[in-house]
Amino acid sequence: MILKMRFTFWLMFCLLCTCSCAQSDTTLYKVGLILPFEVQTTDTRLDEILNAHDLYTANRIHVEDDAIIALDFYQGLMQSLTEDSDSVRIELHVYDNWNSDSATTELLKKPELKNMDFMIGSVSSSSAKQVADFCKANKILNIQPFTPSKSLTTENPYHLKIAPTIDAHVDNLYQSILDSFPTANIIIYTPKNEKSLYLAQRFDSLFKSYNATAEIKYSLTLLNSIDLLTEGKKNGLDEAINRTKQNILIITSYDEPFVQSILRTVYEKNGKDNLIVYGLPTWLGGDILRLDYINNLHTRVSDAFFADSSKPQTRYFIEHFTERYHVEPSKYAYLGYDVLNFLIKSVKAYGKDFVSQIETQRFTGTAYKFDVTQNMKNANTLNYYENNHVNVLKVEDYRLKRVW
């Protein structure tokens, strides 16, 4: 019954569309939340799970991933609203866009949406772009916590991208190498496809820029797996590894079978003593990658999310969230909680037009940190505001440890 009670509680707010969690202040901020709850379908699936004959049957019933993200985010956000909000009054308007572009189009025709002070969502890139365009046209700050896509919007001072772009991941991984391995041999290994090659070239450019002025320079190899070329010469990964130095192997691939093959080859042929692997954030959710390779190659990956339960603030959230919903928070519940706390803190300090005034500050939440900067289209034109904070996590003893 717990699952059903949780969903019914959420459903009440979703169907009402408007709720007010107000404190004792005269300023009222209207927040529109557009997420793919898919109410009727999700409610039916949860009902089927609760009435399943056995656990095997229950586990085979699928609730849409984006609906789970929406529900988890909403629960974290509601947890924030139920706590002391330092006299900031929030009126929350909740809308279900069914993970549909056409449904989003119809929602955005509602007259009350033009009166929002802030809008959060949506999850998919296509519907998120619709919300971003609407907010730009109506001068409403759009907080986008989900999709890191750089193509959602341009020349839009009303867009705040909370999910760091892949460029931010690359830049933070690069900086962590500078700080931790100043004399290492750098090998950038990439498949020859557009997405992976772009990341490899960004890494390569960053290290070359560093070498241009550094007194102690990195040895640097960019190797693509198709041509096996290094600066136009036939080469291979074995030849690029320096047996007498610390080697940093950066694999810029999202493809799990490809990564698995490289990790196996490196581990079996070169051992683990003088080699550290750097990978992409998607590796954390992989189904194929062998954990023994990931662990024994001292792998480091990037992620915006890291919940440190030793922090009192994080423990407080876990305790009260679990008491309220009878389940531990997911990463999206943390995100909902941190995003709304960030919004409350920002408007309390600076008012509605806070976004241009927080660039020199860092917001530290329970599992996320927000370092907001300007993304510039050119020297004189702002594209949007973005969060650039990314953690670098090390897999050690089969657990994640934040190392940068």
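User: How many Å apart are the end C-alpha atoms of helix H4 (residues 65-82), and what span should its 18 residues have?

Analyst: Helices (H or I, at least four residues) and strands (E, at least two) are DSSP runs, numbered from the N terminus. The expected span of a helix is 1.5 Å times one less than its number of residues. At 1.5 Å a residue, the 18 residues of H4 should therefore span 26 Å, and this agrees with the distance between its end C-alpha atoms, which is 26 Å.

User: On what kind of model do these values rest, and how are residues numbered?

Analyst: This is a predicted model, in which local features need pLDDT of at least 70 and side-chain atom pairs count only at pLDDT 80 or more, while totals for chains, interfaces and linings use all residues. Side-chain values use heavy atoms, with hydrogens and water left out, and residues are numbered from 1 along each chain as its sequence is written.

User: How many of the 18 residues of H4 are buried?

Analyst: Buried means under 20% relative accessible area, exposed over 50%, and partly exposed in between (1.4 Å probe, protein chains only). H4 is largely enclosed by the rest of the structure, because its buried residues number 15 of the 18.

User: Where do the buried residues of helix H2 (residues 39-50) fall when seen down its axis?

Analyst: The buried residues in H2 are Val39, Thr42, Asp43 and Leu46. An α-helix has 3.6 residues a turn, so residues three or four places apart point the same way. The arc is that of the directions from the helix axis to the C-beta atoms. In H2 the buried residues line one face of the helix, because they fall within an arc of 100°.

User: Which strands pair with strand S2 (residues 28-35)?

Analyst: Two strands pair if DSSP finds at least two bridges between them. S2 is mostly covered, with 6 of its 8 residues buried. The partners are strand S3 (residues 89-96), joined by 8 bridges, and S4, joined by 3 bridges.

User: Which parts of the structure does the aromatic pair of Tyr29 and Phe118 tie together?

Analyst: Rings of Phe, Tyr and Trp (its six-membered ring) pair if their centres lie within 6.5 Å; planes under 30 degrees apart count as stacked, over 60 as edge-to-face and the rest as tilted. A search of the whole structure finds 20 aromatic pairs, and the pair of Tyr29 and Phe118 is tilted, at 6.1 Å centre to centre with 35° between the planes. Tyr29 counts as buried at 10% relative accessibility, and Phe118 counts as buried at 0%. The pair ties together parts that are 89 residues apart in sequence, because Tyr29 lies in S2 and Phe118 in strand S4 (residues 118-120).

User: Which residue lies over the face of Tyr293?

Analyst: A charge sits over a ring if NZ of Lys or CZ of Arg is within 6 Å of the ring centre and within 35 degrees of the ring normal. One such case is Lys161, which lies over the face of Tyr384 at 4.7 Å from the ring centre. Over the face of Tyr293, at 4.3 Å from the ring centre, lies Arg290.

User: Is Lys139 buried or exposed?

Analyst: Most residues other than glycine have a negative phi, and most peptide bonds are trans. Lys139, found in the loop between H6 and strand S5 (141-144), has a positive phi of about 55° although it is not a glycine. At 58% relative accessibility, Lys139 counts as exposed.

User: In which loop does Asp397 lie?

Analyst: Phi of Asp397 is near 55°, a positive value in a residue other than glycine. At 61% relative accessibility, Asp397 counts as exposed. Its place is the loop between strand S17 (391-396) and strand S18 (399-402).

User: Which helix forms a β-α-β unit with strands S7 and S8?

Analyst: S7 (residues 185-190) and S8 (residues 219-224) run parallel and are joined by 6 bridges, and Tyr189 has Leu223 as its bridge partner in S8. A crossover is right-handed if, with the strands pointing away from the viewer, the path from the first strand over the helix to the second runs clockwise. The unit made with S7 and S8 is right-handed, and its helix is H8 (residues 194-213).
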